[in-house]
Each structure stands twice: as structure tokens, then as C-alpha cells.
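I opened my notebook to look through this one from fold to interface. Here is what I looked up, in order.

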Amino acid sequence: MRLFEATHVFKHDWETVSLANWRKYPNEQTPHVRHVEILNQDVDPVTGVLRTERLIMVRQNVPMLVRKIFGGDTSYVLEYSEVDPRKQTLVMQSQNMTYSNLLSVGEYITYTPDPENSKHTLFTQSAQLKASGALCRFANKIEDICWNRFQDNAHIGKLGLEQVVSKILAERQAMTMPLAQTASD
Amino acid sequence: MESIDKKCTPLKREYDDCFNKWYSEKFLDGKESSDCTAFFKTYQKCLREALKEQGLTKMIDDARPAIGSVFSDMGEDK
């Protein structure tokens with residue numbers, strides 16, 4: 001078993017980053033994420049928490065050997081998230097469904113206001129990678145390969161989210177610009 | 001972004017657009033009730049048919065306990 005852990009501070013407020021999280025795909029940084037479907041979504045009438053279940057389809061460019069071992073390059077991930085607008089927390093948990101008898105990847109992500117600067121957003125990510133079944137003999141090697149792949153994806157994921165944030169900020173500016181011009185006329 | 005079944009794509013887009021607007025303009029401001037229920041229903045009708053056709057429903061139901069989801073099943077309106 002290998003654990004991947006990372007933290008990152010986005011220099012944008014939590015509202016903007018949490019919106020960017022919903023608008024993250026499609027994203028040119030993450031072409032491996034092909035489809036994202038909402039399976040269930042509601043607001044808890046008691047707590048006001050937004051609860052969402054999503055299906056994510058990923059197609060990775062993987063070496064032929066890996067494709068042969070796993071029998072394909074397409075995998076499905078199930079993700080559940082809760083957004084508490086009062087506490088300003090976004091928590092996401094996900095698990096791969098395809099090939100999980102060979103390699104299990106469980107991920108836990110949080111977005112909260114940065115305790116050191118409430119105008120920034122603290123992102124934490126932890127993932128558990130565990131090879132099993134027929135791959136047990138090669139567990140260390142397989143987990144290493146996947147850990148590296150995970151690290152690469154985590155990096156481009158952050159770049160992707162930053163891009164979406166920039167897009168949101170540009171849209172907001174475009175919306176306020178005509179108003180500002182009218183006001184100064 | 002395309003849906004896993006192309007015919008659901010326009011319905012998914014309508015819902016996604018509605019949701020993003022509701023999320024930023026209302027939900028984050030504490031107004032909880034969704035404006036997008038009708039879009040969600042038509043999108044789900046199409047999607048759930050596609051999931052069934054592609055044989056994904058059982059896999060999703062089986063994986064659900066591992067991620068702490070509060071939702072209990074697929075294919076039924078709550």
C-alpha cells in the first residue's frame with residue numbers, strides 16, 4: 001500500500017475555487033477525463049449541505065504492457081462530495097470501480113479557506129493506492145508506477161483548476177465592465 | 001463535455017449550465033432550493049437509460065458504500 005498526500009494553497013477565495021471545482025471539466029490540462037456525469041444531487045433540507053454523486057470516465061495513455069495487464073485503458077471512478085456553504089468546506093471522496101480487484105485507488109480531497117489567509121483556499125489531497133489479487137507479487141512496482149502517475153495527474157489537475165479560476169474571474173470582469181462604463185458616462 | 005451517450009449531451013449541458021449559475025448566484029449565498037430540478041429530471045432519464053445500456057448500474061451500486069455516499073440507489077426518483 002502506498003499513500004499519496006499533497007497540499008496546495010490557491011490564491012483565490014473559497015467561493016471561486018469551489019465553483020471552479022464544478023466547472024473543472026472539460027479542461028485541456030486533463031484530456032484523460034473524458035466524461036463526468038451527475039448521478040445524484042440534492043441539498044440536505046436540515047443542514048443545507050449540497051450532496052453530489054458523480055461518475056467519472058477516464059481514459060489514460062498507458063504503456064501496452066499495462067493495457068494488457070488491466071485489459072483496457074478506460075476506467076470508471078465514483079465520487080461523492082459534500083459542500084457546506086456555511087462552514088465553507090468542500091469534501092470529496094472517490095474510488096475507482098474498474099480494475100479495483102487489481103489496484104484500488106481511494107482518494108480524499110478537501111477545499112477550505114486557508115487558516116493563514118481567509119481570502120485563499122487550502123486544498124488537501126490524500127490517496128491510498130493498493131495492488132492486490134493477481135498483481136500482489138508485483139505490488140511494490142505497480143504501486144510505484146501508479147503513485148508517479150498520480151503525482152503527475154495531481155499537478156496537471158491543479159493547473160487545470162487555476163485555468164478555470166482565471167476563466168471565471170475574466171467572466172466576472174466582463175460582466176461588470178459595461179456597468180462601470182455606464183456609471184462613468 | 002460530452003455525455004457517455006451523445007444523445008444525453010444537450011440535456012447534460014442544460015443542467016450543468018443551470019447548476020453552475022444556481023451554485024454561484026444562490027447556493028453560496030444561502031438560498032438553497034434548486035432552480036434546476038426540471039433539467040435534472042430530463043437529464044437523469046436519458047443518463048440512467050444509457051448507464052443501463054452500458055451495463056454500469058450494478059458497478060455503481062456496488063461501489064457506493066466505499067465512498068461514504070448518502071445516496072442509496074440508481075434508477076429511481078427519490
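**Ground rules.** I kept in mind that this is a predicted model, where local features need pLDDT of at least 70, side-chain atom pairs count only at pLDDT 80 or more, and totals for chains, interfaces and linings use all residues. Residues are numbered from 1 along each chain as its sequence is written, while chains are lettered from A and ligands numbered from 1 in the order in which they are written.

**Fold of chain A.** I took helices (H or I, at least four residues) and strands (E, at least two) as DSSP runs numbered from the N terminus. Chain A has three helices and seven strands, and along the sequence they follow the pattern β-α-β-β-α-β-β-β-β-α. Along the principal axes, the C-alpha atoms of chain A fill a box of roughly 70 × 35 × 35 Å.

**The sheet.** I traced the strands next, counting two as paired if DSSP finds at least two bridges between them. Seven strands of chain A form an open, antiparallel sheet in the order β1-β7-β6-β5-β4-β3-β2. β1 (2–10) and β2 of chain A stand at the edges with a single partner strand each, so one side of each has no neighbour in the sheet. The twist averages 15° from one strand to the next; axes are lines fitted to C-alpha atoms, for helices over the stretch in contact, with angles from 0 to 180 degrees between N-to-C directions. I also checked one pair: β4(A) and β5(A) are antiparallel over eight bridges, and V77(A) has N96(A) in β5(A) as its bridge partner.

**Helix α1 and V17(A).** α1(A) lies across β1, β4, β5, β6 (103–114) and β7 (117–131) of chain A, at about 150° to β6(A). V17(A) lies in this helix. Is V17(A) buried or exposed? I found it buried, because 24 other C-beta atoms lie within 10 Å; the cut-offs are 20 or more for buried, 12 or fewer for exposed and partly exposed in between, with C-beta atoms placed from the backbone. Beyond its neighbours within four places in sequence, V17(A) is in contact (C-beta atoms, placed from the backbone, within 7 Å) with F10(A), H12(A), Y111(A), T121(A) and V165(A).

**Cores.** I used nonpolar core for a set of buried Ala, Val, Leu, Ile, Met, Phe, Trp, Tyr and Cys residues joined through C-beta atoms within 7 Å. The largest has 33 residues, and L78(A) and I60(B) have the most contacts inside it. β4(A) gives the most to this core, five residues. Partners of L78(A) include L55(A), I60(B), A63(B) and I67(B). Apart from that core lies another of seven residues, among them L103(A) and F150(A).

**Interface.** Last, I looked at where the chains meet: 29 residues of chain A are in contact with 26 residues of chain B. The largest share of chain A's side, seven residues, comes from β2(A). By class, that side has 15 nonpolar, eight polar and six charged residues. Here Ala, Val, Leu, Ile, Met, Phe, Trp, Tyr, Cys and Pro count as nonpolar, Asp, Glu, Lys and Arg as charged, and the others, Gly among them, as polar.

How values were computed: Contact = placed C-beta atoms within 7 Å.
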